[in-house]
Amino acid sequence: MNEDQAIADAGTNGTGPADRLLSGDSLTTHLERELEHLVLTGELAPGERLNEIHLAARFGTSRGPLREALRMLHAKGFVTTVRNRGMFVRAISAEEALEIYDVRAAIFGLAGRILVDKVTDSLLERLHEFLVEMDAHAASKDFDAYYRVNLSFHDFLLRSTGNGSLISEYKSLVNKLHLCRARSLVKAGGLSVSNREHREMVDSLASGDKYRAQEAFFRHVERAKTRFSSTVE
């Protein structure tokens with residue numbers, strides 16, 4: 001039996017170590033987070049084909065849970081599917097990314113302006129909870145935890161606008177930018193800086209000033225664009 005056949009048997013027959021330790025949603029979630037980490041750190045490079053057999057062997061799991069984890073990454077925009085060729089780590093040019101940042105800034109600024117009319121004490125309280133969580137993760141330099149809360153924070157802001165069209169357009173953009181956003185936070189040392197900007201956004205909402213909120217939200221994305229630019233120069 002050659003090496004490739006052995007790997008295939010390990011990945012498709014029976015259960016591997018990971019399957020025996022975890023099952024169901026917990027295993028899929030674990031694999032999704034591990035794969036996401038490999039993509040964000042660049043160990044799985046942009047444009048790289050994702051070989052299910054080798055990945056299953058690497059994680060000691062069967063291919064079923066792995067495929068589900070890859071589908072989750074696809075939904076997040078981390079990977080893309082090419083017909084008859086398989087899944088690949090999403091690759092996006094710096095030029096395209098910068099263009100998307102510009103459009104995202106305009107949409108996010110509008111979200112800030114809309115949110116001023118939606119502000120309640122409970123909404124502000126939840127936003128402050130996000131800030132505290134991100135401060136803690138930034139202080140401990142726990143990028144993975146920070147990034148997950150960061151995504152939840154932005155998602156919560158967008159959902160709180162109640163504007164379905166805005167939410168849909170924004171998500172279509174950020175799905176393409178996941179890799180750029182994550183790597184700019186890692187390589188540009190932007191965790192604490194990013195969360196200071198988040199605090200400015202929350203303060204602008206509390207002020208009740210629509211123009212201040214629009215500017216704070218717009219400026220946050222513009223600064224993120226600058227951080228991204230510093231990683232590709």
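Guide: Buried residues, meaning those under 20% relative accessible area with a 1.4 Å probe and protein chains only (exposed is over 50%, partly exposed in between), make up 43% of the 233 residues in the chain. This is a predicted model, in which local features need pLDDT of at least 70 and side-chain atom pairs count only at pLDDT 80 or more, while totals for chains, interfaces and linings use all residues. Residues are numbered from 1 along each chain as its sequence is written, and side-chain values use heavy atoms, with hydrogens and water left out.

The secondary structure comes to 11 helices and two strands, taken as DSSP runs numbered from the N terminus (helices H or I, at least four residues; strands E, at least two). Along the sequence the pattern reads α-α-α-α-α-β-β-α-α-α-α-α-α. Of the contacts (heavy atoms within 4.5 Å) between residues at least 6 apart in sequence, 74% join residues at least 24 apart.

I turn now to the rings. A pair of aromatic rings is described by the distance of the centres and the angle of the planes. Rings of Phe, Tyr and Trp (its six-membered ring) pair if their centres lie within 6.5 Å; planes under 30 degrees apart count as stacked, over 60 as edge-to-face and the rest as tilted. A search of the whole structure finds six aromatic pairs. One of them joins phenylalanine 108 and phenylalanine 217, a tilted pair with 4.9 Å centre to centre and 45° between the planes. Because phenylalanine 108 lies in helix 6 (residues 94–115) and phenylalanine 217 in helix 11 (residues 210–232), this pair ties together parts that are 109 residues apart in sequence. Both phenylalanine 108 and phenylalanine 217 are buried. Ring pairs also bring in Tyr170, linking Phe108, Tyr170 and Phe217 into a cluster.

The rings of phenylalanine 143 and tyrosine 147 have their centres 5.6 Å apart and their planes at 20°, so this pair is stacked. Both residues belong to helix 8 (residues 143–161), four residues apart, about one turn of the helix. Phenylalanine 143 is buried, as is tyrosine 147.

Charges also sit over rings, which requires NZ of Lys or CZ of Arg within 6 Å of the ring centre and within 35 degrees of the ring normal. Arginine 104 lies over the face of phenylalanine 108, at 5.9 Å from the ring centre. Arginine 126 takes such a place over phenylalanine 130, at 3.7 Å from the ring centre.

Two loops complete the surroundings. Most residues other than glycine have a negative phi. Lysine 141, in the loop between helix 7 (121–139) and helix 8, has a positive phi near 55°. With 68% relative accessibility, lysine 141 counts as exposed. Asparagine 84, in the loop between strand 1 (79–82) and strand 2 (86–89), also has a positive phi, near 65°. Its relative accessibility of 78% makes asparagine 84 exposed.
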